[in-house]
Protein chains: 4
Amino acid sequence: MIIVMRAQATAKEIADVVARVESRGLRVNISRGEERTIIGVIGDERPVDGTQFEVMDGVEKTVPILKPFKLASREMHPADTLVPLDGMKVGSNKIAIIAGPCSVESRQQILETAFAVKEAGAIALRGGAYKPRSSPYSFQGMGEKGLELLAEAREATGLPVVTEAMSPEQVPLVARYADVIQIGARNMQNYALLNTVGESGRTVLLKRGLMSTIEELLMSAEYILAQGNSRVILCERGIRTFETFTRNTLDLSAIPIIKELSHLPIFVDPSHGMGRRDKVAPMARAAVAAGADGLIIEVHNDPDHALSDGAQSMFPSQFDRLMAELRIIAPAIGRSICLEPVARRGWAR
Amino acid sequence: MIIVMRAQATAKEIADVVARVESRGLRVNISRGEERTIIGVIGDERPVDGTQFEVMDGVEKTVPILKPFKLASREMHPADTLVPLDGMKVGSNKIAIIAGPCSVESRQQILETAFAVKEAGAIALRGGAYKPRSSPYSFQGMGEKGLELLAEAREATGLPVVTEAMSPEQVPLVARYADVIQIGARNMQNYALLNTVGESGRTVLLKRGLMSTIEELLMSAEYILAQGNSRVILCERGIRTFETFTRNTLDLSAIPIIKELSHLPIFVDPSHGMGRRDKVAPMARAAVAAGADGLIIEVHNDPDHALSDGAQSMFPSQFDRLMAELRIIAPAIGRSICLEPVARRGWAR
Amino acid sequence: MIIVMRAQATAKEIADVVARVESRGLRVNISRGEERTIIGVIGDERPVDGTQFEVMDGVEKTVPILKPFKLASREMHPADTLVPLDGMKVGSNKIAIIAGPCSVESRQQILETAFAVKEAGAIALRGGAYKPRSSPYSFQGMGEKGLELLAEAREATGLPVVTEAMSPEQVPLVARYADVIQIGARNMQNYALLNTVGESGRTVLLKRGLMSTIEELLMSAEYILAQGNSRVILCERGIRTFETFTRNTLDLSAIPIIKELSHLPIFVDPSHGMGRRDKVAPMARAAVAAGADGLIIEVHNDPDHALSDGAQSMFPSQFDRLMAELRIIAPAIGRSICLEPVARRGWAR
Amino acid sequence: MIIVMRAQATAKEIADVVARVESRGLRVNISRGEERTIIGVIGDERPVDGTQFEVMDGVEKTVPILKPFKLASREMHPADTLVPLDGMKVGSNKIAIIAGPCSVESRQQILETAFAVKEAGAIALRGGAYKPRSSPYSFQGMGEKGLELLAEAREATGLPVVTEAMSPEQVPLVARYADVIQIGARNMQNYALLNTVGESGRTVLLKRGLMSTIEELLMSAEYILAQGNSRVILCERGIRTFETFTRNTLDLSAIPIIKELSHLPIFVDPSHGMGRRDKVAPMARAAVAAGADGLIIEVHNDPDHALSDGAQSMFPSQFDRLMAELRIIAPAIGRSICLEPVARRGWAR
């Protein structure tokens, strides 16, 4: 941390700040410039709340130097983390595409969709059994019945399953059925939930909150990693801005930024960010071109009759065409689309 | 809902939209303008997902007409809701000031602070026992021990207690100690938690999320109201914007907007929005001048040694001065500051 | 400026950065911490582009220490600047209220409105002759004829006149008629215009852009001050956020922040921020309670027939009531509303 | 426009609204729903200010139906506009890459850079002679001397020239030297400037403002088109959001949205949005994958010694590698990179 003193700061004020820094077990480096004195704090500043210095007399501001996340940082872990998923390695140069409906709605729907996305080259099936909805009057998901149908689709197609848990008490049940537990954007800072999925040891797909900074996303990943669970996949899904033509603004610049800051794989969900299926393919292509390690895309066997998010769900034929486009783009950056899922092996439960 | 057709929409496309609307049990009013045809949907549109029409051929956009919240709306409940709190009525023309430390840290701290804020005119004591922190390495609150200290402070001072619950499983315990359960900004859309506090019947102070629109705040209140619990106090605490000089941007315009849209009382938390104690008083005065029904302010007996949020906690003497200023401002809009809490009566549990 | 090196930075990389800093005529202070080396730059960093260091090998980031504005900063000019306006001093403890219509529309309109706002206690008349409109098809103002009508209203009422200039070539003409030249929010970073009004020597009311930071507002003031014109009044008028219930989000926290950073007076325009007249009074009261030095409010003698911004223009009777409320609030912070404009004296042109 | 009445609106209130609509020369369609009456306005609503109705008794809100832009809309002009640039057609399936330094700094710099970008496949040269800078103390560009050097680089390389004009009075001079006049982000709503470049007839590259919606960008294009100048190229360059890791958030979703709304070509400037050269290539690739008609990229022969924006300027070798990647990506959407500029023909002045 750097503590910047005001231009008029007195020797007494500087001494008081130094004394408080030292009382916290840290040391200082004092740099007297032409206009200001700057106090550099030496030692691990992370457990220290910098704002306590900002309200001291003579202090103008403090500037954190160390990033608040450690386990999630590339500095601590220079090599890319590869998250095993059903025999493939997420985060490698094979780009992983996850697809499926917003919600599980019926046996026929989930099975038809699962076979369709598998045929197009998806390596995992998504589908919600518990749905966070802004209205208490909206369809809230099928619950455990939905989880059972997902398991059936897995048996039938061999695709591993990605599905959301919304509260700590749902985690054990969801973990019994899911290969990957999704934490939704609204729950990105639900710390009780993060701790629980951290403890579960199951792979976690952690979505960035609508108005969460990249640093906050990595801090939320840190909660999971701090529980000893390193199987974390990050996911950009659009942030809230002033623009109203799109539901959210997909922040693709987060991809190269996260690649620099962290070793964790970063996915993109272009469906929620755009909100309309005809806008999904351009953003999916762009995400791959920008370096995303994978995509999670909403596809529905019959989107016109979907119970939720029908408008943003692709038809299987659209998804198929998109996959063909992605196969052309990936080699531009030395990657490929993970076409054929390896035979499903037993996965430790 | 209004469905706006594209300028070039064909008769067939219009007929298809009408057919789908009618298949949902609703009726239509068709208005042919000079440039566009508009289809008005008649009936309760709330359970119908409008985006399903947006992806039909010939449709340009849909516009919701009915607000998605009902129980929280002033339309359904024209009179102001008065929330009883320890003998006073929150939402009346007496403005309620809640004060206390960010976190409960020790017996001495909470008792000293409680007496100080009571003397200055606060009508309830705030203090966190469970703290949502962006870092897993930060102080996370004293837990149940903190709740016990809050109860002791209540016995000693007669002030009712406001404290946060962070997950559904904490609610029963927190409800045993708290007069008002606070839902923090990061949990505003934690629906499992909203349902649980709704069921608890305890008064809820619901903070607006950093990233949440006013409509979303009212939808989250709707979750609580839908459980039969009408004791809900809303609270603006700053939204995230591009400005970086303040931690958040306190959106005081939310006060008159919410007063128009809803019957629920609206409070303001100027401490979290500003992040520095010297900026709290101006915003507290502004909130009262703008029509807030109450304030919740961080005050600490010794902020320089606070374990969390010390920089934004007021000294008791600053709080005292602020209360004097508020007593001058309130009459400008025909209100007064609720100076003397009535004798604590037994509160139904 | 502080240059933060990466954890793995080599001695060679550090030496290269130091060499480049010194080649810019600056000196360094090197602080070796446990995790990182930090290079403090000593000397005036303002003319140096910090990002040039950020792309050097081994550099993690740079942090500016000195504020980029000088003339506008309170550090360079600790005392409040008092801007003379027709015998009164803007920025003193007398709060100045400017009022009038959005646009000048007719002789009767501007005269009736001018007398009405004078009677209620306004100390200056606002009214646009040149209007920046987002549509080329909207009413663009009366132009020079409007300026003449403003001058007539000034002769009739004695109120000084505030009106906008939109381009450098309009400045000489506007300066001939106006006591205060307004720079609108969309032109806050129109540097050619800022230079021209700086040279004009006329008092400038500089509105904050919709998505401009406080620092950028002060940098734009710096452009005017750098031309030797110190008669600058800043004005907050709402920033763009994700919230859609209000047209913009009035950022009242900018008031105490600007008071700390700068010596210039800060006004608030609650009319443009809110967009609806029934929401103007609460925000006007809040602005005064938060410490604004003045307000600029839209009032129209017949808002239902206004050519622009009718919905946000107050009726004279509403404005009168608001002024009464403000007179109650101002004393809470040791100020008063400047009720009676002193007799207009000749103003130097 | 749709006027939504409140649930409790009386017959008298409805009649008053209808009367006012009709007094504006428009007709109505009244739709009585179960909860609300809706008044559809028939006729050209564009010149009518909808907010005037919002403040009438009994009105809840108004909803515009027609887009406020006409000439810029795809509805009025279904075919893509192809903007001729030196023999090629911007907006066709050949993607146009413009490159060059932020500022013209010297004869050697601009010539070396021009030859380098030409060799890599750029079809035009960018370079600023007049620079809008947030600080009055920063380098403001070489002015006319810079224009002369650009002309010399054009003669030497055959590349047409793109350069910025900052105020109406600069336009005639800039038009004498430039093939394309750039309007910078801060001037997107400088209407005097828009009118002047509209009159000039010269091709305009119009950058989206940091704070501007897509609709506002198209409204600013409308100002130029309304002057009879249809040679307008739009350019996304990043919007301001809460995220601070990137300088701005490049809104690539604007590409498919603008393609739907307008017939004008849309370019992307990844250099300003990202602010660091190592992040430019991923966003450039993403922009092409998302369907951009062209890119404008900062390249400098010696970025370490650039006078402005050095950190975001690519080395020529980086640009060369990027061009190779783009050539792989473009075919994924049936396009190609415009490799070889046709021989420069005389361009009408």
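Me: What should be kept in mind about the model and its numbering?
Reply: This is a predicted model in which local features need pLDDT of at least 70 and side-chain atom pairs count only at pLDDT 80 or more, while totals for chains, interfaces and linings use all residues. Residues are numbered from 1 along each chain as its sequence is written, chains are lettered from A and ligands numbered from 1 in the order in which they are written, and side-chain values use heavy atoms, with hydrogens and water left out.

Me: How many helices and strands does chain A have, and what makes a stretch count as one?
Reply: Helices (H or I, at least four residues) and strands (E, at least two) are DSSP runs, numbered from the N terminus, and chain A has 11 helices and 15 strands. The C-alpha atoms of chain A fill a box of roughly 75 × 40 × 40 Å along the principal axes.

Me: Why is B:Thr203 called buried?
Reply: Buried means under 20% relative accessible area, exposed over 50%, and partly exposed in between (1.4 Å probe, protein chains only). B:Thr203 has 4% relative accessibility and therefore counts as buried. This residue is placed in strand E11 (residues 203–207) of chain B, and, residues up to four places away in sequence not being counted, B:Thr203 touches B:Val83, B:Pro84, B:Asp179, B:Val180, B:Ile181, B:Arg231 and B:Ile233, where contact means heavy atoms within 4.5 Å.

Me: Is D:Arg276 buried or exposed?
Reply: With 16% relative accessibility, D:Arg276 counts as buried. D:Arg276 lies in the loop between helix H9 (270–274) and H10 of chain D, and the residues that D:Arg276 touches, beyond four places in sequence, include A:Glu260, C:Arg6, C:Glu54 and D:Gln312.

Me: What makes A:Ala254 a buried residue, and which residues is A:Ala254 in contact with?
Reply: Relative accessibility is 1% for A:Ala254, so this residue counts as buried. A:Ala254 is in helix H8 (residues 254–261) of chain A, and, leaving aside neighbours within four places in sequence, A:Ala254 is in contact with A:Arg208, A:Ile214 and A:Glu236. The C-alpha atoms of A:Ala254 and A:Ala290, which are 36 residues apart along the chain, are separated by 9.5 Å.

Me: Why is helix H10 of chain B said to be largely enclosed by the rest of the structure?
Reply: Helix H10 (residues 280–290) of chain B has 11 of its 11 residues buried, so this helix is largely enclosed by the rest of the structure. Among the buried residues of H10(B) are B:Val280, B:Met283, B:Arg285 and B:Ala290. B:Gly291, whose phi is positive, near 110 degrees, follows H10(B).

Me: How do you know that D:Phe319 belongs to a nonpolar core?
Reply: A nonpolar core is a set of buried Ala, Val, Leu, Ile, Met, Phe, Trp, Tyr and Cys residues joined through side-chain atoms within 4.5 Å. The largest such core has 328 residues, and D:Phe319 is one of the members that touch the most others, along with A:Phe319, B:Leu206, B:Phe319 and C:Phe319. Residues up to four places away in sequence aside, D:Phe319 touches residues including D:Ile97, D:Val117, D:Ile297 and D:Met314.

Me: How is the contact between chain D and chain A sized?
Reply: Buried area is the accessible area (1.4 Å probe) that two parts lose on being put together, summed over both; between chain D and chain A it is about 3200 Å², of which carbon and sulfur atoms give 73%. The contact takes 39 residues from chain D and 39 residues from chain A.

Me: Why is the pair D:Arg208 and A:Glu243 called a salt bridge?
Reply: A salt bridge is a side-chain nitrogen of Lys or Arg within 4 Å of a carboxyl oxygen of Asp or Glu. The closest N and O atoms of D:Arg208 and A:Glu243 are 2.8 Å apart, and the pair forms a salt bridge. Across the interface of chain D and chain A the rule finds 4 salt bridges.

Me: Which pair illustrates the rule between chain C and chain B?
Reply: B:Glu260 forms a salt bridge with C:Lys279, their closest N and O atoms being 2.3 Å apart. The interface of chain C and chain B has 4 salt bridges by the rule. On the side of chain C that touches chain B, H10(C) gives the most, with 6 residues.
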